[in-house]
Amino acid sequence: MMNMGYKIVDFNEKADVYIINTCTVTNMADKKSRQILRRVKEINPKSILVACGCYAQVAKKELEKIPEIDLILGINEKNEIEKYIENAMNSKQNITQVSEVANQKEFLDFGAVTYTEKTRAVIKVQDGCNQFCSYCIIPYARGRIRSRKPQSVLDEIQKISMQGIKEVVITGIHVASYGKDFLQDNNPTEEANTSYYLIDLLEDIQKIDRIKRIRLGSLEPSLITKEFTTRLSKLSKICNQFHLSLQSGCNSTLKRMNRKYTIEDFENGVNLLRQAFPNVHITTDIIVGFPGETDEEFKQTYEFLSKIKFYKMHIFKYSPRKGTVAANMPNQIDGNKKEERSNLLIELSNKNEEDFQKQYIGKQIEVLFEDKEGEYFKGHTANYMVAKLKTNENLENVIKKVEVAGTKNLELICKEISEQM
Ligand code: SF4
């Protein structure tokens, strides 16, 4: 759209077109999407209001009840959004264009459009998910797994590396599945029937000179085999921080969640990563209060988490999502219990993070600096610790070795190495 002459303005400014890219991951996300869609026309009643994204994909009927919306677009339609907007501008009627996402077999490539922060770029290489976890709406909203063609990924990274970006984050809905669809007979892409997986892609990204760090989005235990970690550990640019989504540390809860691994498989994956990468930090997501989670099951989770000792855990209180299997399960857990369990795990996570960070005091670390914050420059280490250095220098997008002087509020406070000499 920018190529066509459109300009992005701040959300509260008057605009001719408002595009609300909705989320549907929880019932609350749906509610927030509806609220914001109702508010927009107060800013400019004559504007074109577009609802797209996952909520539009799964609930077009609900959105059609909001008369302010001019255009409802599904996931497949999003990359021709400019065409639909021009149509909506010339039409007097509200338009809904949502095709069946499950029929989409190929990754819809947005080409050179990359979300770029100051120092890192997030590269989407995969869409869709075939896992159908019992609490999750994503497979219905995003359809089956589709991988982006390797050459398109590599061209984009090459391009952004020329703009000075040093770190890329490789992401997708289920990035561990990257390449699995290339093998399917009905896939019309030129890569059909050749095997090319995530590890092959990472090996090719490693060869791009100006990229210094490759970070991986959320992985899952089934991907972490001896062969994978052996090949991965040979790639010098891979950040030694991995996010392995666990969700529960209790096998019976995992089964009800329809997760496809056991805690034993998970532990095996963690051990392989720890053997392959020194100082690796492993982070995870946990859902507390999943339907039927007894005190005993939670205790098992707590014990497993204490044993694994993650660097950091993102704790989510289970919230039923309409249209999923878990939303109709018996024994939904009371809100206070969820709160109590969540607090216990947050406490454990903070303690782990602090313990890990303290081990670095007096050691030298390499930081990719991002932003100035007061008198400090702030950045991340490869294993994703937040580090701060008091300096007058402009360190934006600079990778620099510093020494850890101490920790404060779960951040490393660093000093120049020469100060000590
Ligand atoms: S793996 Fe499970 S939680 Fe993740 S997107 Fe797929 S269905 Fe949802």
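**A colleague's note on rings, cysteines and a surface patch**

1. Let me begin with Tyr196, which at 15% relative accessibility counts as buried. Please keep in mind that this is a predicted model.

2. What is the ring geometry between Tyr178 and Tyr196? Their centres are 6.5 Å apart and their planes stand at 70°, so the pair is edge-to-face. Both residues lie in the loop between strand 8 (167–172) and helix 7 (198–206), and the pair therefore ties together parts that are 18 residues apart in sequence.

3. Tyr178 is itself buried, at 1% relative accessibility. Its ring also pairs with that of Phe182: with the centres 5.8 Å apart and the planes at 85°, this pair is edge-to-face. Phe182 is buried too, with a relative accessible area of 0%.

4. The count of aromatic pairs comes to 13. Elsewhere, ring pairs join Tyr261, Phe266, Phe304 and Phe310 into a cluster.

5. Lys83 lies over the face of Tyr84, 5.0 Å from the ring centre, and Lys388 lies over the face of Tyr376, at 5.1 Å from the ring centre.

6. On the cysteines, the structure holds 0 disulfides. For Cys23, the nearest cysteine sulfur is that of Cys54, 6.7 Å away; Cys23 is partly exposed, at 37% relative accessible area. Cys52 is buried, with a relative accessible area of 1%.

7. Finally, the surface: Val58, Phe132 and Tyr140 make a nonpolar patch of about 230 Å². Val58 sits in helix 2 (residues 54–58) and is partly exposed, at 31% relative accessibility.

Terms used. Residues are numbered from 1 along each chain as its sequence is written. This is a predicted model: local features need pLDDT of at least 70, side-chain atom pairs count only at pLDDT 80 or more; totals for chains, interfaces and linings use all residues. Side-chain values use heavy atoms; hydrogens and water are left out. Patches are made of residues with over 30% relative accessible area and no salt bridge: like charges are joined within 9 Å, nonpolar side chains (Val, Leu, Ile, Met, Phe, Trp, Tyr) within 5 Å. Accessible areas come from the Shrake-Rupley method with a 1.4 Å probe; for residues, only the protein chains shown count as cover. A salt bridge is a side-chain nitrogen of Lys or Arg within 4 Å of a carboxyl oxygen of Asp or Glu. Helices (H or I, at least four residues) and strands (E, at least two) are DSSP runs, numbered from the N terminus. Buried means under 20% relative accessible area, exposed over 50%, partly exposed in between (1.4 Å probe, protein chains only). A disulfide is a pair of cysteine sulfur atoms within 2.5 Å. Rings of Phe, Tyr and Trp (its six-membered ring) pair if their centres lie within 6.5 Å; planes under 30 degrees apart count as stacked, over 60 as edge-to-face and the rest as tilted. A charge sits over a ring if NZ of Lys or CZ of Arg is within 6 Å of the ring centre and within 35 degrees of the ring normal.
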